[in-house]
Amino acid sequence: MKNLLRPLLFYSGFHQSKIIRRRLTGRRAVFILNYHKVDYRVPPLFGVAVRPDVFERQMVFLKKHYRIADLGELGKLESDIEDKRDIVVITFDDGYRNNYTYAFPVLKKYGIPATIFLVTDYIDSHRLLWHDWLSWILYHAVSTAHDFTGTTSEMKHDIERFCSSGTAERLGLLYALAMKLKKLEKAERQNYLDTLAKACKVNRGLEYKDRAILSWNEIEEMSGAGISFGAHTKSHPVLSAISVPEAETEISESKKIIENRTQKRVTTFAYPYGKNEDFSTDIVDILVSEGFEYACTTNAGSEMFPISNPLRLKRKSNILAPYLLF
Ligand SMILES: [Zn+2]
């Protein structure tokens, strides 16, 4: 039924599509948007950066057409039968500094709530998350000489292929390589990245010039201005690939740290990487016992009231998603 209606919904335009769907289901939709970076700068990797001016236009559009709600408040809205509007929830993963620089002023200007999921080990440091470090090395490799001493032939091939590709293809290669590295043990991955950096003659010190992740000062200022913070673990591991006690520490400690700093309860979580294979029922059980109420995956889709599975929420991460909701 839904598939048959899709073209009709699309061509009949935004408002009509909403009316048709509501008549069919009688339920309010909840669209949870997944942003990462809001920035003018490239290179992008996970969650391609949304330009700040585009982000502002998206927020204006969403505010006009939807009830924008805080993730942690969904339970209250569910019981509000007076408000018939569909709901949009804004989330950001990883806690990039550009969320403060570019997204926060827009959110403040329009009074829009949002939740930022923090990786607590990285806050206040100048380290890059490993996928950003990979991206940083390869994009610099394009304009540096290489030294393949000590590298495997596979790595040499990866570097050469990346450097001789066009911009669009590079993003695909980067993503494929990141997916390969994601499966490695932490130490093995670190070793790969160190060798790669050496081969590409990229100095680790380079990344320290510009802090990429939020500071506690920025977080506290945003928290005071109504932005919510959720946990996204301490070090951004694949939770299904580490032991249950380790996962427990990653989850509970990141929660405690944020609660201590913001003096607010943390009830929301986002699974690192967020696909079904990246977490397990053991992880969901940990979230329940730690008192989390909502947890976001990166599985694509939307929710409906009443939300059937608040600890496995689907999200929309396409940068055009705000214009394509129906
Ligand atoms: Zn993440």
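Modeller: The protein has 13 helices and nine strands. Helices (H or I, at least four residues) and strands (E, at least two) are DSSP runs, numbered from the N terminus. This is a predicted model: local features need pLDDT of at least 70, side-chain atom pairs count only at pLDDT 80 or more, and totals for chains, interfaces and linings use all residues. Residues are numbered from 1 along each chain as its sequence is written.

First, confidence. pLDDT is the predictor's confidence in each residue, from 0 to 100. Its average over the protein is 87, and 88% of the residues score at least 70. Over residues 1–15, pLDDT stays under 50. Where pLDDT is low, the predicted coordinates should not be read in detail.

Now the pair. Helix α11 covers residues 244–262, and helix α12 covers residues 281–289. Their axes come within 10 Å and cross at roughly 40°. Axes are lines fitted to C-alpha atoms, for helices over the stretch in contact, and angles run from 0 to 180 degrees between N-to-C directions. α11 and α12 are therefore oblique to each other. Angles under 35 degrees count as roughly parallel, over 145 as roughly antiparallel, 65 to 115 as roughly perpendicular and the rest as oblique.

Which residues of α11 and α12 make the contact? From α11 come Val244, Ala247, Glu248 and Ile251; from α12 come Asp282, Ile283, Ile286 and Leu287. Two residues are in contact if their C-beta atoms, placed from the backbone, lie within 7 Å. By class, this contact has six nonpolar, no polar and two charged residues. Ala, Val, Leu, Ile, Met, Phe, Trp, Tyr, Cys and Pro count as nonpolar, Asp, Glu, Lys and Arg as charged, and the others, Gly among them, as polar.

Thr233 sits in the loop between β5 (228–231) and α11. Thr233 is not a glycine, yet its phi is positive, about 75°. Thr233 is buried, with 24 other C-beta atoms within 10 Å. A residue is buried if 20 or more other C-beta atoms lie within 10 Å of its own, exposed if 12 or fewer, and partly exposed in between. Tyr273 is in the loop between β6 (268–270) and α12. Phi of Tyr273 is also positive, near 70°. Tyr273 is buried, with 22 other C-beta atoms within 10 Å.

Finally, the whole. Of the 326 residues in the protein, 35% are buried.
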